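Hi there,

Here is the structure I promised to pass along. Have a look at it first, and my notes follow below.

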Amino acid sequence: RDGLGSRGLGDVYKSQLDMMPIVNLFNEWHAASTSKKIKAVIEANAKAGKYRTTCAPFDYTKGDDPNHLPVIDPDAAPIVHNIFEMWASGINPHHIADKLNEDGVPIPSDYYYAKLGKPNPRRTRHMWSPETVRQILHNYTYFGHLVQLRTRTVSYQNHKVIKNDEEDIIVVKNTHEAIVSQELWDRDRAVSYTHLRAHETLRHL
């Protein structure tokens, strides 16, 4: 026998129970501290122009350089450029999507997996939608800028993803070759502003 009777074992168990709040508190502090350090590293890398993404936007590929900056895909770049040209000429996203579908242009996810030689595993209609067109038109990557940390999780305990405040979004300009020129981008912004003003006017009629 090791000399521990039932009373001795009970004392050990009670001691362990007494320590549990302290252990739990330490574990929670460690998790919070680790999460804070990881976020600090991610933010520092974003400010340094290091591209953190699983795959680049449509018409770009991830580069092999240390920062993995976007590299233009020459086979697909004309598609995005054409989308911006159509928008600048006054064609709305619905009609742009219709035109792309009529021309048999593959949607971004179909194109991505076709380049990998794999079928698209996503559940999709394989058709361009106005929302996909809008996402492209509002993506600063095509203008040669990196925009990162658009979203964040609520906390290390709550993994719900929410949008970051504008001041917390990190923009590093002129990091890679643009598909859209300054002149075309300005034309598109002018069209977007006109549409916004028209929408606001209709709302107040």
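A question to start with: is Trp185 buried or exposed? Trp185 is buried, with a relative accessible area of 4% (buried means under 20%, exposed over 50%, partly exposed in between, with a 1.4 Å probe and protein chains only).

Before the rest, some housekeeping. This is a predicted model, with local features needing pLDDT of at least 70 and side-chain atom pairs counting only at pLDDT 80 or more, while totals for chains, interfaces and linings use all residues. Residues are numbered from 1 along each chain as its sequence is written, and side-chain values use heavy atoms, leaving out hydrogens and water.

**Aromatic rings**

Searching the whole structure gives 8 aromatic pairs. Rings of Phe, Tyr and Trp (its six-membered ring) pair if their centres lie within 6.5 Å; planes under 30 degrees apart are stacked, over 60 edge-to-face, and the rest tilted. One of the pairs is Tyr140 with Trp185, tilted at 5.0 Å centre to centre and 55° between the planes. Tyr140 is in the loop between helix H5 (130-137) and strand S3 (146-148), and Trp185 is in helix H6 (residues 182-203), 45 residues apart. Helices (H or I, at least four residues) and strands (E, at least two) are DSSP runs, numbered from the N terminus. Tyr140 is partly exposed, at 36% relative accessible area.

Phe143 also pairs with Trp185, this time stacked, with 4.9 Å between centres and 5° between planes. Both of these residues, Phe143 and Trp185, are buried. Ring pairs join Tyr60, Phe84, Tyr140, Tyr142, Phe143 and Trp185 into a cluster.

**Helix crossing**

The axes of helix H3 (residues 93-102) and H5 come within 8 Å and cross at roughly 105°; axes are lines fitted to C-alpha atoms, for helices over the stretch in contact, with angles from 0 to 180 degrees between N-to-C directions. H3 and H5 are therefore roughly perpendicular (65 to 115 degrees; under 35 is roughly parallel, over 145 roughly antiparallel, the rest oblique).

**Backbone**

Asp59 has a positive phi of about 85° although it is not a glycine, and at 2% relative accessibility Asp59 is buried. Asn174, also not a glycine, has a positive phi near 55°, but Asn174 is exposed at 63%.

Best wishes
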